[in-house]
Amino acid sequence: MTITITAFKDSPDRGQGLARDMRVRWALEEVGQPYEVRLETFKELKQPEHLGRNPFGQIPTYEEGDLVLFETGSIILHIAERHAGLLPKNADARARAITWMFSALSTVEPPILELQTAKIIEGKKPWAEERMPLVKDYIRNRLKQLAARLGDAEWLDGDFSAGDLLMVHVLIRLRPSGLLDEFPNIAAYVARGEARPAYQRAFAAQLAVFKASQAGG
Ligand SMILES: N[C@@H](CCC(=O)N[C@@H](CS)C(=O)NCC(=O)O)C(=O)O
């Protein structure tokens, strides 16, 4: 059955791999599933057709026959449950990998998104400069905790899993801030994720869309 995902026609991240269709592309590449991409403009995302796929008018979505999913956590879990390669077979190890998926999205990602809000949306407020160190320290605290758990391990819990896929993608957004470099084992962990051939293929596919949009294609 054909898998179709949605992605930005003209991504605001300018091909840096931050738009969240990267997560879905990467997961599909890891499990060797081909997919098609429906490109959407910001305007199209808020139209009834796309709102039928995602009530919040966002990308990515995932279609497979009659099944329509949104939320990257749910989409990655669906892919990982149906195809080998992203979740361990052992039930306890599988539960722990799913725990890392939730942890990436509900414990680590929120403070990282807060930094983006502080910079882009609140950047010109009179109190913005005063607030920034607090936002960064909140992230540092999370990274310190994550670094302590990761230690010298290659991945968060045994083999690479959907938990690592989401965690790495969540952390990549921090690169321009320099915060990743304060935690060498986390920086190396992110680099290991990005070095995976499946990540590279996903990145190239997303970048090709951005380049085509710049070329007027
Ligand atoms: N929690 C959602 C977040 C999705 C999300 O924030 N998508 C962004 C792109 S990465 C988007 O569509 N932004 C456009 C908008 O919100 O209008 C998920 O993980 O799928």
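Helices are DSSP runs of H or I with at least four residues, numbered from the N terminus. This is a predicted model, in which local features need pLDDT of at least 70, side-chain atom pairs count only at pLDDT 80 or more, and totals for chains, interfaces and linings use all residues. Residues are numbered from 1 along each chain as its sequence is written, and side-chain values use heavy atoms, without hydrogens and water.

**Ligand**
- Around the ligand (a heavy atom within 4 Å) are Phe8, Ala19, Arg20, Arg23, Phe42, Lys46, Gln58, Ile59, Glu71 and Thr72.
- Ligand oxygen atoms lie 2.6 Å from a side-chain N or O atom of Lys46 and 2.9 Å from one of Gln58.
- A nitrogen atom of the ligand is 2.8 Å from a backbone N or O atom of Ile59.
- The protein buries 77% of the 510 Å² that the ligand exposes when taken alone (Shrake-Rupley method, 1.4 Å probe).

**Largest pocket**
- A pocket is an open set of points on a 1 Å grid over the protein atoms alone, with protein on both sides within 12 Å along at least five of seven lines; lining residues have an atom within 4 Å of a point.
- Among the 34 lining residues, Leu18, Arg20, Leu113, Gln116 and Arg173 are closest to the centre of the largest pocket.
- Helices H2 (42–45), H4 (72–82) and H5 (91–121) each supply at least two lining residues, and H5 gives the most, with eight.

**Second largest pocket**
- The second largest pocket has a volume of about 160 Å³.
- Its lining includes Gly85, Pro88, Arg96, Asp157 and Phe160.

Technical notes
A polar contact is a pair of N or O atoms within 3.5 Å; within protein, one must be able to donate a hydrogen and the other to accept it, and residues adjacent in sequence count only if both atoms are side-chain atoms. On a 1 Å grid over the protein atoms alone, a cavity is a set of points where a 1.4 Å probe fits but cannot get out, and a pocket is an open set with protein on both sides within 12 Å along at least five of seven lines; lining residues have an atom within 4 Å of a point. Grid points are joined across faces, edges and corners, and a volume is the space filled by probe spheres set on the points.
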